[in-house]
Amino acid sequence: MIRPKLSLRRPLAVLAAALIGMTGAAAVATPAAAHHTTITATAICDQLSGERVITWKVVNSERDKAATIKKVTAAPSTPVQVIVPGADAVDLQGVAITRGGFVEAVQRVPGDTSVATLTVEARWDNKREQTNSGTIKLDRDAPCAPAPKCIDASQAKYSHTFDGPNGKATVKLAGDLPLCGEEKQFFTLVSYFAPRPQFATPQYVYGAPDSNFLGGTQTEIELNVGVPDCHTQVDLIWGGVDEVIDPLVEDGPRYGAKKLGDKGAPGNRSSGPPGWYNGGSKNCTTPASTFASACDGTVTVSLSNDGSISKYPVEFEVRGENGWSKSVTVDPGKADNETVVPAENAGKIEVLVDGKVIENGTYSWERPEDCPLPTVTTDADCETFALTASNPEGGVPVKVEFTYGDKTETRTVEPGSSEKVTFPAGDEETALVVLPELGLELEVVYAPEDCGGGGGGEEPPGLPVTGAAAGGIAAGAIALLAVGAVLFVMARRRRVHFTA
């Protein structure tokens with residue numbers, strides 16, 4: 001088989017950069033007689049071409065006579081040339097060796113060559129001739145191959161950065177070689193809603209994962225995702241968006257070694273920090289409560305779990321006074337309007353989640369403005385001054401304080417009932433009726449007619465102010481009854497004078 005000649009015309013600087021291994025020197029058998037050449041060799045691998053480069057050294061045994069190389073035989077049969085700095089290489093055949101000197105020549109052989117031999121026939125100044133050979137065994141276990149121009153995606157290595165809390169990552173192809181051909185390797189960054197700041201399930205993808213590839217001229221990528229303002233998990237994974245798991249559930253699939261920075265494959269093919277993050281400072285829920293007071297003293301608590309980050313059920317606890325409490329579970333996007341706190345427990349209400357009172361989660365019963373107010377009527381004659389407070393049905397018990405002169409009577413008026421207080425007529429011209437729990441006061445003037453100066457009982461008493469009573473007393477009592485409720489609404493913390 002005839003091998004093609006291999007050129008030595010290659011820049012020395014390029015050659016030096018590509019040569020990576022030396023195989024050693026050849027053992028050479030030389031005759032014991034004088035006038036001979038000693039031939040040794042070393043070899044290296046040129047990874048630019050995939051050839052072995054053998055440097056042959058031919059030494060003249062005679063210190064007083066020069067020798068000329070008359071014939072060169074090489075196996076493999078490729079050129080053996082002397083490198084002349086600044087000039088073209090010349091064939092070893094025909095080169096003269098100075099007295100006691102040597103010459104070096106370079107031969108390029110195929111990368112799979114296992115043995116190379118050089119035979120030199122030399123002639124000295126005294127006409128003596130001698131043929132000698134040298135042999136080098138090349139490394140069979142490490143054949144010389146051209147350096148790769150690209151790297152297969154299955155063998156490529158990468159490096160990455162990862163900033164989970166801010167949803168940022170980069171991935172870079174390691175080394176100087178691109179991926180071969182049209183090969184691409186995808187990587188994806190994905191963030192999740194999570195039920196806890198540590199790993200827990202279920203988890204739901206937040207927003208759109210960011211995915212990109214390395215391949216061709218693209219050797220570095222940057223990935224960015226939004227991170228929810230609540231408990232979250234962020235993962236940098238090997239592969240495209242088809243590798244994303246949504247949702248992550250108990251006993252379901254996991255990313256495992258697909259996370260970059262993992263100890264297993266393929267994640268361990270990228271060097272960098274662990275490509276996963278768990279954190280966040282608050283729940284991925286939107287618990288809220290509203291309150292509605294009723295005239296009977298009860299409070300209806302409406303609980304909701306509806307918002308942009310409501311992904312999990314919320315366990316509410318509603319607490320009232322005197323040890324009253326109720327637990328309510330509200331699913332994502334839902335509401336519950338069926339929690340009613342009894343009147344005796346509605347003085348202070350708290351709504352809690354995970355043992356903490358939620359924002360705007362405290363309340364105390366407040367009398368609705370449309371609740372009917374108690375009314376006060378009078379029955380006055382020359383001997384007595386009677387005041388009656390009536391509390392409509394559907395309300396709450398009302399405390400009423402009646403004061404006339406130096407006497408005060410206090411009554412609690414139940415819903416749907418009345419309380420009457422009668423004072424002996426005296427010199428005082430007014431009585432004060434106070435509803436302290438409602439912040440209301442009513443001042444009533446005692447002025448019955450035809451009592452001979454009024455109040456003292458010196459004249460015979462007039463007719464009782466009852467159904468058919470005549471004159472201004474009856475009219476005044478009826479007017480008070482008619483306008484009393486309205487005046488109580490309008491006159492908070494103001495004294496309103498009426499004549500009875």
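## Salt bridges

Glu51 and Arg108 are joined in a salt bridge, with 2.9 Å between their closest N and O atoms. Because Glu51 belongs to strand β3 (residues 51-60) and Arg108 to strand β8 (residues 102-110), this pair ties together parts that are 57 residues apart in sequence. The model is predicted: local features need pLDDT of at least 70, side-chain atom pairs count only at pLDDT 80 or more, and totals for chains, interfaces and linings use all residues. Residues are numbered from 1 along each chain as its sequence is written, and side-chain values use heavy atoms, with hydrogens and water left out.

A salt bridge is defined here as a side-chain nitrogen of Lys or Arg within 4 Å of a carboxyl oxygen of Asp or Glu. By this rule the count comes to 11 salt bridges. Strands (E, at least two residues) and helices (H or I, at least four) are DSSP runs, numbered from the N terminus.

Glu51 is buried, as its relative accessible area is 11%, and Arg108 is buried with a value of 3%. In these terms, buried means under 20% relative accessible area, exposed means over 50%, and partly exposed lies in between (1.4 Å probe, protein chains only). Glu51 and Arg108 also belong to a network of salt bridges that includes Asp46.

Further salt bridges include that of Lys65 with Asp64, at 3.2 Å from N to O. Asp64 is partly exposed, with a relative accessible area of 46%. Another salt bridge brings together the side chains of Arg123 and Glu129, at 3.7 Å from N to O. Arg123 counts as partly exposed at 32% relative accessibility, and Glu129 is partly exposed at 43%.

## Disulfides

A disulfide is a covalent bond between the sulfur atoms of two cysteines. With the cut-off that the two sulfur atoms lie within 2.5 Å, a search of the whole structure finds four disulfides. Among them are the following pairs.

| Pair | S to S distance |
|---|---|
| Cys45 and Cys144 | 1.8 Å |
| Cys150 and Cys180 | 2.0 Å |
| Cys230 and Cys284 | 2.0 Å |

The link of Cys45 and Cys144 is right-handed, with 75 degrees about the S-S bond. This pair links distant parts of the chain: Cys45 is in strand β2 (residues 37-46), Cys144 is in the loop between β10 (129-137) and β11 (158-163), and the two are 99 residues apart. Cys45 counts as buried at 10% relative accessibility, and Cys144 is buried at 8%.

The link of Cys150 and Cys180 is right-handed, with 95 degrees about the S-S bond. Cys150 counts as partly exposed, at 28% relative accessibility.

The link of Cys230 and Cys284 is right-handed, with 90 degrees about the S-S bond. Cys230 is placed in the loop between β16 (220-224) and β17 (232-238) and Cys284 in the loop between β19 (276-279) and β20 (287-293), so the pair ties together parts that are 54 residues apart in sequence. Both Cys230 and Cys284 are buried.

## Backbone features

Most residues other than glycine have a negative phi, and most peptide bonds are trans. The peptide bond from Thr201 to Pro202 is cis, with omega near 0 degrees, and Pro202 lies in the loop between β13 and β14 (204-205). The peptide bond from Ala265 to Pro266 is also cis, with omega near 5 degrees; Pro266 is in the loop between β17 and β18 (270-271).

Asn322 has a positive phi, near 65 degrees. Asn322 sits in the loop between β22 (314-319) and β23 (325-330) and counts as exposed at 68% relative accessibility. Asn360 likewise has a positive phi, of about 55 degrees, although it is not a glycine. Asn360 is found in strand β26 (residues 356-363) and counts as exposed at 62% relative accessibility.

## Surface charge

Asp406, Asp427, Glu428 and Glu429 gather in a patch of negative charge on the surface. Such a patch is made of residues with over 30% relative accessible area and no salt bridge, like charges being joined within 9 Å. Glu428 is in the loop between β31 (417-424) and β32 (430-435) and counts as partly exposed, at 43% relative accessibility.

Conventions
Patches are made of residues with over 30% relative accessible area and no salt bridge: like charges are joined within 9 Å, nonpolar side chains (Val, Leu, Ile, Met, Phe, Trp, Tyr) within 5 Å. Accessible areas come from the Shrake-Rupley method with a 1.4 Å probe; for residues, only the protein chains shown count as cover. Lys and Arg count as positive and Asp and Glu as negative; His and the chain ends are not counted. The place of a charge is taken as NZ of Lys, CZ of Arg, CG of Asp or CD of Glu.
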